Amino acid sequence: YCLGSGLSWEPRSRAVEQVHLRCTEGSLEWMYPARALRVVLEPNLSSAQHTTVCIKPASDFQGASIYVERAGQLHLVVSEAEGARPHHVSCFSAHTPQRVALFLQASPQRDISRRTASFQYELLSNQSAAGPDFKKMALVEAMCRPCDNVELLLAICSNDFVVKGSIRNVSHDSENHMSQVDVSVQKVYRQKNRIFQQDEASGEWRGPIQTLLQCKVKKGGGVFLFTGNEHFGEAWLGCAPRFKDFLFIYRAARERGANPCEFQLD
């Protein structure tokens with residue numbers, strides 16, 4: 001997390017402030033944007049041949065526009081007008097995975113009323129030593145089709161969340177091309193952050209899972225194993241077989257010694 005203010009700069013300075021961030025994901029908050037800010041993302045992704053960068057502006061993003069530097073030229077990624085759109089995520093391929101430079105240009109303003117240009121970012125490697133990169137963001141390449149057995153067995157080993165539960169409700173947001181699956185959780189096997197929580201009043205565990213509208217998720221009965229990864233503080237749906245089907249696949253793989261990890265069954 002990086003926090004800074006344009007008010008701390010020398011009034012007559014024409015220099016561009018530079019910030020270096022060395023994490024694969026994080027956030028930046030620039031209060032009272034003034035002049036320009038150059039943000040260099042340089043995490044240790046030297047083993048990757050290609051990198052996808054995704055940026056999600058805050059809902060109150062204002063006061064600046066975001067550009068990416070490519071071959072000495074600036075290309076607009078997020079304009080100030082787009083920053084107010086909820087769930088808006090901009091993704092682009094980085095030419096050099098070791099170093100990605102963003103340029104924030106402050107918008108002209110007559111007053112000094114508080115404006116904040118803040119955003120979250122994630123850098124995603126398009127190459128994985130174990131084959132396909134299942135950490136690739138659902139917003140970049142949604143897996144709307146059912147997972148095959150190999151993908152499912154890898155998902156329970158490596159995904160950010162694995163929960164058993166049923167679908168309480170499915171809501172659709174056509175404007176942002178997203179669907180939300182509200183899950184009633186019977187058991188949390190793993191979660192990276194506290195997206196699935198226990199309701200104090202009812203004692204029921206529940207949580208929301210995001211997916212793309214094009215996946216056409218519908219409310220259905222039965223118990224499922226929901227897996228997926230977290231992006232920008234939200235759970236994104238990956239493999240979601242019926243739990244009885246998952247049990248059959250996992251037990252068969254374990255008998256053959258083909259399960260990539262041990263999974264604690266009920």
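Let's start inside this predicted model, at its largest nonpolar core, which has 25 residues. Leu41, Ile55, Leu102 and Leu104 are the members that touch the most others in that core. Setting aside residues up to four places away in sequence, Ile55 touches Ile66, Val77, Val78, His88, Val89, Ser90, Phe92, Leu102, Phe119, Gln120 and Phe232. There is also a second, separate core, made of 19 residues, and among its members are Ile167, Val170, Phe224 and Phe226.

Now step back to the whole chain. The protein chain has 266 residues, of which 45% count as buried, and its secondary structure comes to two helices and 16 strands. Of the contacts between residues at least 6 apart in sequence, 68% join residues at least 24 apart.

How far can you trust what you see? The mean pLDDT of the chain is 82, with 79% of residues reaching 70 or more. Please take care with residues 127-136, where pLDDT stays under 50. The model has 16 contacts beyond four places in sequence for that stretch.

Let's turn to the aromatic rings. Searching the whole structure gives seven aromatic pairs. One of them joins Phe224 and Phe226: the ring centres are 5.8 Å apart and the planes meet at 40°, so this pair is tilted. Both residues belong to the second core. Phe224 counts as buried because its relative accessibility is 11%, and Phe226 is buried too, with a relative accessible area of 3%. Elsewhere, ring pairs link Tyr189, Phe243, Phe246, Tyr250 and Phe263 into a cluster.

Helix α1 comes next, covering residues 149-158. Which of its residues are buried? They are Glu151, Leu152, Leu153, Ala155 and Ile156. An α-helix has 3.6 residues a turn, so residues three or four places apart point the same way. The buried residues of α1 pack against strands β11 (161-173), β12 (178-191) and β15 (224-231), and against helix α2 (243-256). At the N-terminal end of α1 you will find a cap: a side-chain oxygen of Asp148 lies 3.2 Å from the backbone nitrogen of Val150.

With a relative accessible area of 6%, Asn229 is buried. What does the side chain of Asn229 reach? It reaches the backbone nitrogen of Asp160, at 3.0 Å.

Asp173 sits in β11 and is partly exposed, at 26% relative accessible area. Although 39 residues separate Asp173 from Leu212 in sequence, their C-alpha atoms are 9.3 Å apart in space. In β14 (residues 205-212) you can find Arg206, which is partly exposed with a relative accessible area of 28%. The side chains of Arg206 and Glu204 are joined by a polar contact of 2.5 Å. Apart from neighbours within four places in sequence, Arg206 is in contact with Arg168, Val183, Val185, Ile195, Phe196 and Gln197. For Ile195, eleven residues away from Arg206 along the chain, the C-alpha separation is 8.5 Å.

Ser118 belongs to strand β10 (residues 116-125). Is Ser118 buried or exposed? At 12% relative accessibility, Ser118 counts as buried, since the cut-off is under 20%. Beyond its neighbours within four places in sequence, Ser118 is in contact with Leu28, Glu29, Pro57, Ala58, Asp60 and Phe61.

Most residues other than glycine have a negative phi. Tyr32 is not a glycine, yet its phi is positive, at about 45°. Tyr32 is found in the loop between β3 (25-31) and β4 (36-41), and at 26% relative accessibility it counts as partly exposed. Lys216 also has a positive phi, near 55°. Lys216 lies in the loop between β14 and β15, and with a relative accessible area of 65%, Lys216 is exposed.

Note on methods:
Residues are numbered from 1 along each chain as its sequence is written. This is a predicted model: local features need pLDDT of at least 70, side-chain atom pairs count only at pLDDT 80 or more; totals for chains, interfaces and linings use all residues. Side-chain values use heavy atoms; hydrogens and water are left out. Rings of Phe, Tyr and Trp (its six-membered ring) pair if their centres lie within 6.5 Å; planes under 30 degrees apart count as stacked, over 60 as edge-to-face and the rest as tilted. Buried means under 20% relative accessible area, exposed over 50%, partly exposed in between (1.4 Å probe, protein chains only). A nonpolar core is a set of buried Ala, Val, Leu, Ile, Met, Phe, Trp, Tyr and Cys residues joined through side-chain atoms within 4.5 Å. Contact means heavy atoms within 4.5 Å. pLDDT is the predictor's confidence in each residue, from 0 to 100. Helices (H or I, at least four residues) and strands (E, at least two) are DSSP runs, numbered from the N terminus. A polar contact is a pair of N or O atoms within 3.5 Å; within protein, one must be able to donate a hydrogen and the other to accept it, and residues adjacent in sequence count only if both atoms are side-chain atoms.
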